[in-house]
Amino acid sequence: MLKNRKWIIRSLMVLLSCLTLLQACRMNYPVERPARVTVVRRPELRAEGKRLTMLMCGSCHYDAKTKSLTGKQMKDAPGIVGKVFAANLTNDPSTGIFHYSDQELKVLFRTGISRQGKLMPYMLRPNLADEDISAIITFLRSDDALVAPKPNTIGKTKYTPIGKFGISRTKPLRYTDQPVPKPAADTLALGKYLVDNLACYHCHSKSFLKLDYQSPERSKGYMAGGNRLKGADGKTIVTPNLTFHETGLKGWTENDLILLLRQGITRDKKIVRPPMPILPELTDEEIVSMYKYLRKLPPVENDTQ
Amino acid sequence: MIPNKNTSLGILILMQLLLSVCCYAQHEQMMKGKQVFEQNQCVACHGKDGTTPYNLSVRLDSLSDEVLKEFIKDPAAFGNRQMPAFRSILSDADIDALIVYVRTLSKPDQKKRRRR
């Protein structure tokens, strides 16, 4: 009898831990349908929308082979996480974002939850300005060749249990319809805005699991590098420290940063390796504002090389 | 004028000579290209054989030398967002040599030999 009881308790415990583990790996959420989601399309921003879309979405969603935003596999996702594919952003009815409403797109950026309730941490951009959202959505809905309907057959994201566990560490944010203004040109605030919305801090802080999407500066090891990523050759690549410490960017000039970000060439005339993206759409002014912002950050000693 | 035996032989020797000079020059270009390829970290993204992880030879045959040259200088202008722009670190002569070398990478027979 006693033996039997022990058994029952044991199996109960196993069952409970399995349940907690499953809950810990939560990937799906009820779809939030906020009463008010303000989005305005602004045709006058279409050209800027194209530049912003290539700049902010292109490195993951643009495929050079189809010459459009049909999406592609994220090769830098480690194998143990599973296979991750950035979605097809063309207006294709079956594989693209044809069925997304403008409001659902905005909810995705602000909360990280897709229209079907799936958690997508890569897509979390709570501080993306309304103006930029308008520009991007205006462009995505245009008749530009980059978003003309094209089916995409490369594959569907499939996470392993470990991947699910990792992804589920990020908690979605609540939607608020609070207006988010775009910082004025050539200010430290613009530099911070770009480091946030171009996701520099995702890779250049300590770990993807220790990011604070709402207040990026509170992320662990903010901009001091040390995140371990997968390089193109499958080997680990540790992200460099971008604070102005000897072990970071000390000695870099504005022009060094321009050459690196737009052309992918480092200060000592070496190439910068993937997954560091090359961002040819950045203007001088934008890079200079990021430079000034990075210079203002407290220098942190972290030799990652 | 009908050339006699001697002039024919002369012309043949001259042609042979020219050809070998050409071949030699081509070979020189190729060796230089190989060096540039390996020193400029093209290998970091294309591997020694030009295929791993990013295969560069898929549509190489349909690209002219001029286009290829512009591509290597500024891949972003061709929609490639991962390859650095080599405009600022390679001379035109380097790029010419690279193109000769890169084209040998897309020849299946040579690839086979390299793979062994």
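Visitor: What volume does the largest cavity have?
Guide: The largest cavity has a volume of about 40 Å³. A cavity is a set of points on a 1 Å grid over the protein atoms alone where a 1.4 Å probe fits but cannot get out. Points are joined across faces, edges and corners, and the volume is the space filled by probe spheres set on them. One ground rule: this is a predicted model, where local features need pLDDT of at least 70, side-chain atom pairs count only at pLDDT 80 or more, and totals for chains, interfaces and linings use all residues. Residues are numbered from 1 along each chain as its sequence is written, chains are lettered from A and ligands numbered from 1 in the order written, and side-chain values use heavy atoms, without hydrogens and water.

Visitor: How many cavities of 30 Å³ or more are there?
Guide: One.

Visitor: Which residues line the largest cavity?
Guide: Lining residues have an atom within 4 Å of a point. From chain A there are A:Arg262, A:Gln263 and A:Ile278. From chain B come B:Asp74, B:Pro75, B:Ala76, B:Asn80, B:Arg81, B:Met83, B:Pro84 and B:Ala85. By class, that lining has six nonpolar, two polar and three charged residues. Here Ala, Val, Leu, Ile, Met, Phe, Trp, Tyr, Cys and Pro count as nonpolar, Asp, Glu, Lys and Arg as charged, and the others, Gly among them, as polar.

Visitor: What does B:Arg81 pair with in a salt bridge?
Guide: Its side chain meets that of A:Glu281, at 2.7 Å from N to O. A salt bridge needs a side-chain nitrogen of Lys or Arg within 4 Å of a carboxyl oxygen of Asp or Glu. The count between chain B and chain A is one.

Visitor: And how many residues are in contact between the two chains?
Guide: 19 residues of chain B are in contact with 24 of chain A. Contact means heavy atoms within 4.5 Å. On the side of chain B that touches chain A, 11 residues are nonpolar, five polar and three charged.

Visitor: How much area do they bury?
Guide: About 1,700 Å² between them, with 58% of it on carbon and sulfur atoms. Buried area is the accessible area (1.4 Å probe) that two parts lose on being put together, summed over both.

Visitor: New topic. How many salt bridges are there over all chains?
Guide: 26. One of them joins the side chains of A:Asp102 and A:Arg141, at 3.2 Å from N to O. A:Asp102 is in helix α4 (102-111) and A:Arg141 in the loop between α5 (130-140) and β2 (158-159) of chain A, so the pair ties together parts 39 residues apart in sequence. Helices (H or I, at least four residues) and strands (E, at least two) are DSSP runs, numbered from the N terminus.

Visitor: Where are the cis peptide bonds?
Guide: One runs from A:Pro274 to A:Pro275, with omega near 10 degrees. A:Pro275 sits in the loop between α9 (254-263) and α10 (284-296) of chain A. Another joins B:Thr52 and B:Pro53, with omega about -10 degrees.

Terms used. On a 1 Å grid over the protein atoms alone, a cavity is a set of points where a 1.4 Å probe fits but cannot get out, and a pocket is an open set with protein on both sides within 12 Å along at least five of seven lines; lining residues have an atom within 4 Å of a point.
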